[in-house]
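Let's take a walk through a protein model together.

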Amino acid sequence: MTEVNETEAGIVKPRLHIGLTGGIASGKSTVAAELSALGAIVVDADALSRAVVEPGSEGLRRVREALGPTAIAADGSMDRAAVGKLVFADAEARALLNGIIHPLVRAEGRRLVTEAGPDAVVVQDVPLLVESGQAGAYDLVLVVEADPEERVVRMVRDRGMTEDDARARMAAQATDEQRRAAADVLIVNDAGLEDLRRTTRRVWEQYVTPRLQGSTSGPHGGQDGGQTGWPTDGA
Ligand SMILES: CC(C)(COP(=O)(O)OP(=O)(O)OC[C@H]1O[C@@H](n2cnc3c(N)ncnc32)[C@H](O)[C@@H]1O)[C@@H](O)C(=O)NCCC(=O)NCCS
Ligand SMILES: Nc1ncnc2c1ncn2[C@@H]1O[C@H](COP(=O)(O)OP(=O)(O)OP(=O)(O)O)[C@@H](O)[C@H]1O
């Protein structure tokens, strides 16, 4: 028989609810793609944060009201470059934007988790999971960590950011130490992409497979007591 857990909000919990986080350009999407290939349903907060401000949406109307017309591009979409410039230089503007977008993303995330059903392994890829104090909402929290200087190089090289832009985004996020403190499993991304994928498969074998066999119980329960081969401050 399938065990169905209900949250306080009456949402049907999946078989296993995994939170995935990490600083910008740390390797989360790579880990999420591998977890998806292993059978997880991935709910991507970045993708949702775009969906909730599509042209014509209530979200975009509220962004315009809060940040002014320069937040809107000529084609009616959110001007992401302009909004990025503004909010990563101004903590008050960022709080305004977050206050509009985050509740919408959370609501949409809850809807998708419920839709995944009680038998699914759901991975929520949430860049700001630690900043928003959500770690306790998951059965397992995976944190991807990469050298901050390497992340700056990636942002500048692959995403056309200036070094200042890249550092401003990192400064708007939790520190590695804060993320480590919330981690059940720390995935250290300090080698190549294939290593990162291999590590992800090992995490699945060690943390997910046993739980699907029904051998663990409860939030943050781990049948191996956190002995993983990875540093796990929070386990
Ligand atoms: C500021 C915006 C317009 C910049 O858009 P852009 O296309 O350049 O970036 P994108 O959305 O792809 O985000 C890339 C990364 O930036 C970081 N980031 C984005 N928003 C924030 C924020 N408010 N605080 C800290 N880091 C952030 C995250 O690591 C994210 O993965 C956009 O990120 C946004 O609307 N942010 C507010 C919503 C949000 O917090 N999104 C991230 C998690 S839901
Ligand atoms: N170990 C690695 N070796 C080489 N390139 C890597 C490695 N890890 C990640 N990358 C590259 O760095 C970039 C960022 O990785 P990825 O998109 O997975 O990070 P992310 O944490 O999802 O970023 P964001 O927070 O912006 O969504 C990608 O282009 C990815 O291919």
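This is a predicted model: local features need pLDDT of at least 70, side-chain atom pairs count only at pLDDT 80 or more; totals for chains, interfaces and linings use all residues.

The names come from DSSP runs, numbered from the N terminus: helices are H or I runs of at least four residues, and strands are E runs of at least two. Two strands pair if DSSP finds at least two bridges between them.

Residues are numbered from 1 along each chain as its sequence is written, while chains are lettered from A and ligands numbered from 1 in the order in which they are written.

Strand β4 (residues 140-145) and β5 pair in the parallel sense over four bridges, and here Glu-145 stands opposite Val-188 in β5.

Next, look at the helices lying on the sheet.

How do α1 and α9 sit against each other? They pack at an angle of about 50°, with their axes 9 Å apart. That makes α1 oblique to α9; the rule is that under 35 degrees counts as roughly parallel, over 145 as roughly antiparallel, 65 to 115 as roughly perpendicular, and the rest as oblique. The contact brings Thr-30, Val-31, Glu-34 and Leu-35 of α1 to Leu-193, Leu-196, Arg-197, Thr-200, Arg-201 and Trp-204 of α9. (Residues are in contact if their C-beta atoms, placed from the backbone, lie within 7 Å.) By class, you'll find five nonpolar, two polar and three charged residues in the contact of α1 with α9. Here Ala, Val, Leu, Ile, Met, Phe, Trp, Tyr, Cys and Pro count as nonpolar, Asp, Glu, Lys and Arg as charged, and the others, Gly among them, as polar.

Another helix to follow is α5. The axes of α3 (residues 58-67) and α5 (residues 91-116) come within 10 Å and cross at roughly 165°. That makes α3 roughly antiparallel to α5. On the α3 side you can pick out Gly-59, Arg-62, Val-63, Ala-66 and Leu-67, which meet Ala-93, Leu-96, Leu-97, Ile-100, Ile-101 and Leu-104 in α5. This contact of α3 with α5 has nine nonpolar, one polar and one charged residues.

α4 packs on α5 too, at an angle of about 125° and with the axes 7 Å apart. That makes α4 oblique to α5. Val-83, Leu-86 and Val-87 in α4 meet Ala-93, Arg-94 and Leu-97 in α5.

Finally, the ligands. Which residues come nearest to ligand 1? Of the 18 around it, they are Ile-24, Ala-45, Arg-80, Gly-84 and Pro-127, where "near" asks for a C-beta atom, placed from the backbone, within 6 Å. The elements giving two or more residues to this shell are α2 (45-51), α4 (80-87) and α5, and α5 gives the most, with five.

Around ligand 2 there are 17 residues, of which Ile-24, Gly-27, Lys-28, Ser-29 and Thr-30 come nearest. α1 (28-37), α6 (148-159) and α9 (193-212) each supply at least two residues of the shell around ligand 2. The largest share, three residues, comes from α1. By class, this shell has six nonpolar, seven polar and four charged residues.

Methods
Axes are lines fitted to C-alpha atoms, for helices over the stretch in contact, and angles run from 0 to 180 degrees between N-to-C directions. Two residues are in contact if their C-beta atoms, placed from the backbone, lie within 7 Å.
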